[in-house]
Amino acid sequence: MNAPMELLKKSDVCELLNISARCLEYMVKEARFPPPVRVGRFNYWSAKAIDRWRARCFGAQENWAP
């Protein structure tokens, strides 16, 4: 059976990335960060989507070799 998907609220994402809510909103608006999924009154991001975004952003840095 599949493990339940981990969902993060806006405040969780901001804390995880050490950014402000306004910065997160701007990144989403500029299509530089995955858009949230609205459930009721709240927006959520999947932890998997954030992990993929991090890998894409930092992949070149992590693969760098002098």
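Biologist: How far is the sulfur of Cys 14 from the closest cysteine sulfur, and in which residue is that sulfur?

Modeller: This is a predicted model, in which local features need pLDDT of at least 70, side-chain atom pairs count only at pLDDT 80 or more, and totals for chains, interfaces and linings use all residues. Residues are numbered from 1 along each chain as its sequence is written, and side-chain values use heavy atoms, with hydrogens and water left out. A disulfide is a pair of cysteine sulfur atoms within 2.5 Å, and the sulfur of Cys 14 is too far from its closest partner for a bond, at 8.0 Å, in Cys 23.

Biologist: How many disulfides does the structure hold?

Modeller: The sulfur of Cys 57 is also too far for a bond, because the closest cysteine sulfur, in Cys 23, is 12 Å away. For the structure, the number of disulfides is zero.

Biologist: Is Cys 14 buried or exposed?

Modeller: Buried means under 20% relative accessible area, exposed means over 50%, and partly exposed lies in between, with a 1.4 Å probe and protein chains only. Cys 57, at 39%, is partly exposed. Cys 14 has a relative accessibility of 10%, so this residue counts as buried.

Biologist: Which helix holds Glu 15?

Modeller: Helices are DSSP runs of H or I with at least four residues, strands are E runs of at least two, and both are numbered from the N terminus. The protein has three helices and three strands, in the order β-α-α-β-β-α along the sequence. Glu 15, which counts as exposed at 66% relative accessibility, lies within residues 10–17, which form helix 1.
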